[in-house]
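Student: Could you take me through this structure step by step? I would like to begin with how the chains meet.

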Amino acid sequence: MPPQLANPAAWVEPTLRQAWADFMVANHLVTFSLDDQLHKGQPAYHAAMSKYQQALEKALSAVLLQFLPSRSDLVFVHRYLTDATIWNQAEVRRALLRVFQVTRHVGNLRLPLQAVERLVPDVQQAVLDDFGRCIRLAENAEYPYTDTNGNPVAPCDTFAAVFVQRFLNVRKDLSTLFKALRNMPEFRHILHAVE
Amino acid sequence: MASNAKTLRLKTLVEQHHLNTETPLLFAAWYRLNKRKDVYLLEVAEGVLDPGDGSWETFTFIAPPELRLPGGARLHITYISPEEFFYSVKREYTKGHELLREIQKDGCRVLFFEESNETAQRIKEVIGNAPTTC
């Protein structure tokens, strides 16, 4: 069982600030070809996707710290939306839904954000053979995983190939999440300070 | 000047977006045609989650190599839902409304248009008299 934080309220701001920083870094990586010399002239899409995933993880951590301080052990969890044992806890779901349903046109942000959260590297998602050896690793933005044919592939190669459409949706969904947070009095001052 | 070859390459890019079934594309247009280097696209797709404030956020990407744009060129995509589109049509103080006015005034090229969809038809009507090439 992960530990509780001694003073959960004090961790809300730094957690959300780091989430915003991750989001900005990711946007920067897909907007500017900083790494032309590093990877065949392709921008670091895999790094950007990894940062988007981390931004989501920390933004949701901040929300839970704010609305559910009695469960500050959850900051050490990496999947809030796609791990049924977490999402099915009514208090967790209630806290997160406050954000997902906050604005008029947003609807339920949970579904698209799940796609981002699935990119958390997670050995629990691995498929093992009869001898307990790993034969499939789920797609993630940090470590090699197996493609649909079961072959190991590197995120730096696969994420460069999907380019605009996938990033467009991820960027839009996270941007909407941060806008929703900005509209909430609990988080407005934090995000205004860093923008 | 917007060349036909460039238009075809942009249509190919937009076709890829059309294949995304989670957020089906209804309408796509290339605007700010006088910009020589960067490309500006307006895409309206179903299921896109907007903040609901008519802000019509635009996302900037490094232009993919297949577009064959000059070095360092950027691809700017304004990506919104039909609800956000029509919200801004009615509200003059929104950023979306300003951009819509600009497109109506300066023109655009329609790259994709879901003809069988009534909402897409209404979007095209609003874009109105902009010079278009389907």
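**The contact between the chains**

Tutor: In this predicted model, the contact takes 24 residues from chain A and 21 residues from chain B. Two residues are in contact if their C-beta atoms, placed from the backbone, lie within 7 Å. Residues are numbered from 1 along each chain as its sequence is written, and chains are lettered from A in the order in which they are written. Local features need pLDDT of at least 70, side-chain atom pairs count only at pLDDT 80 or more, and totals for chains, interfaces and linings use all residues.

Student: Which helix gives the most to the side of chain A that touches chain B?

Tutor: H6(A) does, with 13 residues. Helices (H or I, at least four residues) and strands (E, at least two) are DSSP runs, numbered from the N terminus.

Student: How many helices and strands does chain A have?

Tutor: Chain A has 7 helices and 4 strands. Along the sequence the pattern is α-α-α-α-α-β-β-β-β-α-α.

Student: New topic: how much of chain A counts as buried?

Tutor: Of its 195 residues, 39% count as buried, that is, with 20 or more other C-beta atoms, placed from the backbone, within 10 Å of their own.

Student: And what does B:Ala28 contact, leaving aside its neighbours within four places in sequence?

Tutor: B:Ala28 is in contact with B:Val14, B:Leu41, B:Leu42, B:Glu43, B:Leu111 and B:Phe112.

Student: What does the C-alpha trace of chain A span along its principal axes?

Tutor: The trace spans about 45 × 45 × 30 Å.

Conventions
Buried ≥ 20, exposed ≤ 12 C-beta atoms within 10 Å, placed from the backbone.
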